[in-house]
Structure formats: C-alpha cells, structure tokens
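Visitor: Can you walk me through this one? I have a few quick questions.
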Amino acid sequence: ELLKQFLRGKKKIVIKELEREMVRLSKEQRYEAASVIRDRLKALDHLKEVAIGLRDEAIESEKILFPRIECFDISNIMGQFAVGSMVVFTNGKPDKNAYRRFRIKYSVFSMEGEQFNNIETDNTQYDIRNTVKGDLAMLSQVLERRFARSSAIHKENAWPLPNLLVIDGGPLQLRVAQEVLRRYNHNIPVVSIAKGAKRDRNDFHYSNADIANYVGRNIPLQKILIRSRDEAHRFAISYYRKLHGKGLMS
C-alpha cells in the first residue's frame with residue numbers, strides 16, 4: 001500500500017510515515033523491525049533517484065526501483081526430467097550466487113493438479129505432466145518451494161524476499177504466481193512475459209495497474225526483465241540437459 005502511494009506521488013507522506021515508524025520501533029527496542037523499515041527507506045531512496053518522470057534513457061541499471069528481481073522458468077519436455085529455475089537480478093544485474101534450481105517432484109502431482117480444474121484449457125484429456133495444467137502445477141510447486149524458504153521455519157537460512165517477481169509465461173502463469181503469493185500473504189508485484197507461439201514476442205502481463213504503469217514507461221527496466229526471463233530459461237535448460245544426460249547414462 002505504501003508503494004502504491006509512493007508511485008502515485010505521495011512521496012513525502014510515505015517517507016515521513018516510515019521514519020516515524022522506525023523511530024517508534026527503535027524506542028521500543030524492536031531493533032530488527034526498525035532495520036526492516038530502514039531498508040525500505042533505502043529502497044525508496046533508489047526510487048527517488050530513478051524519478052519516474054525522467055527520460056527512460058537516463059535510468060541506469062544500478063538505480064532500478066526493484067533491488068531484488070527474481071525470475072522463474074519451467075523446462076519440461078513430455079514430462080521427463082522437468083525442472084524449474086530461479087535467477088536473481090540485484091540492482092539490475094545477474095546475481096549468480098543467488099540462482100537456484102528445482103527438480104519437479106511428481107509424487108504430489110495428483111494433488112496439485114486439482115488446483116487448476118477451474119482453468120480452461122484445451123488439453124484436459126492428457127496426463128497432468130503433459131498439459132497446460134501440468135505446466136501450471138509445476139510452476140506452482142516451484143514457487144511454493146521457493147517461498148517456503150522465506151518462511152519462519154527456515155529463519156536461520158531464510159532466502160530474502162524479492163521486490164519484484166517475473167514469470168516466463170502469460171496470464172495463466174501470472175495467476176498461479178499471484179495465488180502462491182496470496183497463500184504466503186506476500187504483497188509482491190508480479191510481471192509475466194509471454195514469448196508467443198513463434199517464440200518471437202515479449203508480451204507483458206501485470207498483477208496490478210501500478211506496476212503496469214511503471215514498467216510500461218520504463219524501457220530500461222523492460223529490457224532487464226526480458227533479460228532475466230531469458231536467463232531463467234537458459235538456466236532451466238542447462239539443468240534439464242544435465243539431468244537428461246544422466247538419465248540416458250543410467
């Protein structure tokens with residue numbers, strides 16, 4: 001909600017509110033919570049530097065609004081050795097130490113597939129692993145496993161939450177990501193980028209109007225998101241080939 005107010009031009013109000021909250025938490029000796037507010041203020045400083053009204057061409061990658069962008073892709077050929085990838089861009093640049101990969105667990109597919117019975121597809125008569133619903137279930141599984149790593153049960157080694165989520169896909173993939181975030185009570189903006197039937201397009205889809213407005217006006221950010229999508233695809237394919245090679249040898 002504060003981000004929405006900030007993007008709508010209420011910058012001073014948002015900053016003063018966060019500063020008051022940080023002071024209050026410090027007085028209560030809730031230093032960890034105060035440090036979270038401090039980090040949010042730093043992120044907003046980045047946004048002030050970006051200044052949405054400036055010419056897009058003047059925006060440098062180091063001044064991107066979203067310090068941590070995570071992008072996800074699924075690599076699946078006929079349901080064999082299906083994998084998911086997560087790549088991270090920090091301040092607009094690949095952060096390869098933070099990349100993660102996931103091998104799809106088919107043991108939970110009978111349960112996960114039921115989540116997508118209300119999504120209309122043309123492929124419902126086939127095995128869940130080889131359908132549109134299957135692809136959505138795989139994405140859901142990967143995102144569930146990723147956000148579980150930011151939950152309280154993994155407090156000691158919790159993964160930091162992203163400021164922006166990017167998904168390789170279209171509106172259906174966007175909906176899956178939003179549903180997983182809802183279950184974990186995370187209010188993180190989501191962008192999905194579809195390649196099109198001929199794999200020659202970059203069609204953007206957004207979780208809300210604010211992020212659509214911001215990304216739509218920010219050409220350098222669009223390029224970074226496309227690059228993250230392509231990098232996630234490359235990383236997923238490399239893992240798929242590795243597992244496929246091992247499968248042929250075994």
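Visitor: Which strand does E5 pair with, and how do the two run?
Guide: Four bridges join E5 to strand E6 (residues 190-194), and the two run parallel. Strands pair if DSSP finds at least two bridges between them. Helices (H or I, at least four residues) and strands (E, at least two) are DSSP runs, numbered from the N terminus. This is a predicted model: local features need pLDDT of at least 70, side-chain atom pairs count only at pLDDT 80 or more, and totals for chains, interfaces and linings use all residues. Residues are numbered from 1 along each chain as its sequence is written, and side-chain values use heavy atoms, with hydrogens and water left out.

Visitor: What stands opposite Ile 167?
Guide: Ser 192 in E6.

Visitor: How does the chain get from E5 to E6?
Guide: Through H6, in a right-handed β-α-β crossover. Right-handed means that, with the strands pointing away from the viewer, the path from the first strand over the helix to the second runs clockwise.

Visitor: Is E5 buried or exposed?
Guide: Five of the five residues of E5 are buried, so this strand is largely enclosed by the rest of the structure. Buried means under 20% relative accessible area, exposed over 50%, partly exposed in between (1.4 Å probe, protein chains only).

Visitor: Which way do its side chains point?
Guide: Leu 164, Val 166 and Asp 168 point one way from E5. Leu 165 and Ile 167 point the other way.

Visitor: Now the largest nonpolar core. Which members touch the most others?
Guide: Phe 72, Leu 143, Phe 147, Leu 165, Ile 167 and Val 190, out of 23 residues. A nonpolar core is a set of buried Ala, Val, Leu, Ile, Met, Phe, Trp, Tyr and Cys residues joined through side-chain atoms within 4.5 Å.

Visitor: Which elements give two or more residues to it?
Guide: Strand E2 (80-90), helix H5 (132-148), strand E5 (164-168) and helix H6 (171-183). H5 gives the most, with six residues.

Visitor: What does Leu 143 touch?
Guide: Phe 72, Leu 165, Ile 167, Ala 177 and Val 180, not counting residues up to four places away in sequence. Contact means heavy atoms within 4.5 Å.

Visitor: And the second core, which residues does it include?
Guide: This separate core has 21 residues, including Ile 69, Val 166, Ile 193 and Ile 226.

Visitor: Moving to H8. Where does Leu 225 sit, and what is it in contact with?
Guide: Leu 225 is in helix H8 (residues 219-249). Its relative accessible area is 0%, so Leu 225 is buried. Beyond neighbours within four places in sequence, Leu 225 is in contact with Ile 69, Leu 164, Val 166, Val 191, Ile 193, Phe 204 and Val 215. Its C-alpha atom is 8.4 Å from that of Ile 193, 32 residues apart along the chain.

Visitor: What about Arg 229, buried or exposed?
Guide: Buried, at a relative accessible area of 3%.

Visitor: Last stop, Thr 90. What does its side chain make a polar contact with?
Guide: The side chain of Asp 95, at 3.0 Å. A polar contact is a pair of N or O atoms within 3.5 Å; within protein, one must be able to donate a hydrogen and the other to accept it, and residues adjacent in sequence count only if both atoms are side-chain atoms. Thr 90 lies in strand E2 and counts as partly exposed, at 31% relative accessibility.
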